[in-house]
Amino acid sequence: MELNCVQFLQNKTILVTGATGFLAKVFVEKILRVQPNVKKLYLLVRASDNEAATKRLHMEIFEKDLFKVLRENLGDEKLNTLLYEKVVSVPGDIATDQLGMNDFDLRERMQKEIDIVVNVAATTNFDERYDIGLGINTFGALNVLNFAKKCVKVELLLHVSTAYVCGEKPGLIPEKPFIMEDIRNENGLQLDINLERELMKQRLKELNEQDCSEEDITLSMKELGMERAKLHGWPNTYVFTKSMGEMLLGNHKENLPLVIIRPTMITSTLSEPFPGWIEGLRTVDSVIIAYGKGVLKCFLVDVNSVCDMIPVDMVANAMITAAAKHAGCSGVHMVYHVGSSHQNPVTFGEIHEIAVRYFTKNPLRSRNGSLITVSKVRFISTMALFSLYMTLRYKLPLQMLKLIDIIYPWRNGDKYGDKNRKIELVMRLVELYEPYVLFKGIFDDRNTKSLCANQKEEEIKNTEKLMFDFDPKGIKWGDYLTNIHISGLITHVLKK
């Protein structure tokens, strides 16, 4: 089939949930930049009313550096006119029925006009409260599907998941949907999503009846999420609730075309709208910056494991291309892995070597203005060895400090308590990241590769230039990390 993404977007009305998120705003910016004749973008954000939603959109999306190219191309007045004509802020919440939209007239208008529904809303905390994770990532996805079914013109639901819904499986991981009935843990226990929700509600009821503090309820809900995830074979609440969301979509989609995009670790823009734009420290970024600041002395990682990263603009391009290909194809249920490990892998060891060269040549400055000297990090390849190292290097000396605090209680500050809390935080973070820094899987991307080849062929034939490139083979990791990504982190995250 002919795949012209710019033409596809013309006169389309699109609902985007989670619109203030990192990926969603790149997706929105791309559409407005390449196809200003899109009919309407309904952007759903969590807000109390329309005024608050509009304010959030402008502060958290349109006033960002991300939109500077569009602003330069059009000028302030034309861009503001474009946003006024094409963008509708929608206050809502996917964790509630009818997506939390209280404005009946707006809801009815949307259901008459919408062609494409794009669900990007998610909570990405690895150890999220179980009630929140289920509400947004699992049953929130079902709420979006139910809303999409009420849209009389709807051609497609495009749902953004994560490649790591696979759990901790090694080897080549296929692009295939989950079949809920096939999900059993190692003891043969079958997953029942409705039972998971009832267990969560029961625990929440017990905690409230016991008049627990909000802090205790949060801790208990986080522990329940991790406990249930591990019981069923997932490493954390995030990927467990995301996988259950996929299962519900597959079971209840009926004939609605469904495309699931599973990106790996999303990083800064490779090229569009300009190289290196990013928001916040994401996954491996916190490690890179900690190293540059000279505070990373040891780290749990297998240096030979592949770190599957993909620039955010490539994910947005894949989303638009997949939508163009499958919109209106009744009954379709396609999964796309959008990553780099299969076609263009880079290891944690290679990333470290690049970071060493970068920060040796371009050292960061400490708070007092002095240059920070970096050295190579001690890498430890198993959790058992890392725990032993932390005990010998930090915990045993800390016991001596505890003894001193007991002997000399008049000393200023609780140095033992402060250091112990820091060590516990490090161990907690390492436990959360362990499944990914020791990950042995490679994400098969034959569906994505085929989609990319089809799109490239059509674009070269029609325009002689690539506007929707998401081919990971084109990423030169040394150049990208050195000249784009790390410098982007410093410019857009550290300096702000």
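Student: What makes the meeting of the side chains of arginine 228 and glutamate 196 a salt bridge?

Tutor: A salt bridge requires a side-chain nitrogen of Lys or Arg within 4 Å of a carboxyl oxygen of Asp or Glu. For arginine 228 and glutamate 196 the N to O value is 2.8 Å, so the pair meets the definition. Arginine 228 belongs to helix H9 (residues 214-231) and glutamate 196 to helix H8 (residues 193-209), so the bridge ties together parts that are 32 residues apart in sequence. Helices (H or I, at least four residues) and strands (E, at least two) are DSSP runs, numbered from the N terminus. Both arginine 228 and glutamate 196 are buried.

This is a predicted model, in which local features need pLDDT of at least 70, side-chain atom pairs count only at pLDDT 80 or more, and totals for chains, interfaces and linings use all residues. Residues are numbered from 1 along each chain as its sequence is written, and side-chain values use heavy atoms, with hydrogens and water left out.

Student: What makes arginine 262 and glutamate 246 a salt bridge, and which parts of the chain does the pair link?

Tutor: Their side chains meet at 2.7 Å, N to O. The pair links distant parts of the chain, with arginine 262 in strand S7 and glutamate 246 in helix H10 (residues 237-252), 16 residues apart. Arginine 262 and glutamate 246 are both buried.

Student: Why is aspartate 76 called partly exposed?

Tutor: Buried means under 20% relative accessible area, exposed over 50%, and partly exposed in between, with a 1.4 Å probe and protein chains only. Aspartate 76 has 46% relative accessibility, so it counts as partly exposed. Its side chain forms a salt bridge with that of arginine 71 (3.1 Å, N to O). Arginine 71, at 25% relative accessibility, is therefore also partly exposed.

Student: How many salt bridges does a search of the whole structure find, and which residues are linked in a network of them?

Tutor: The search finds 19 salt bridges. Glu29, Lys30, Arg33 and Glu272 are linked in a network.

Student: How do you know whether isoleucine 261 is buried or exposed?

Tutor: Its relative accessibility is 0%, so isoleucine 261 counts as buried. This residue lies in strand S7 (residues 258-263). Contact means heavy atoms within 4.5 Å. Leaving aside neighbours within four places in sequence, isoleucine 261 has contacts that include Leu158, Val315, Met319 and Tyr336. Isoleucine 261 and leucine 158 are 103 residues apart in sequence and 7.4 Å apart in space, C-alpha to C-alpha.

Student: What makes a set of residues a nonpolar core, and which residues have the most contacts inside the largest one?

Tutor: A nonpolar core is a set of buried Ala, Val, Leu, Ile, Met, Phe, Trp, Tyr and Cys residues joined through side-chain atoms within 4.5 Å. The largest has 168 residues, and those with the most contacts inside it are Leu32, Phe62, Leu158, Met319 and Phe359. Not counting residues up to four places away in sequence, leucine 158 touches residues including Val117, Val259 and Ala322.

Student: Why is helix H11 described as mostly covered?

Tutor: In helix H11 (residues 284-292), 8 of the 9 residues are buried; among them are Val284, Asp285 and Tyr291. The cover includes strand S9 (298-300), strand S10 (309-311), helix H13 (348-361) and helix H17 (477-494). Just after H11, glycine 294 takes a positive phi of about 80°.
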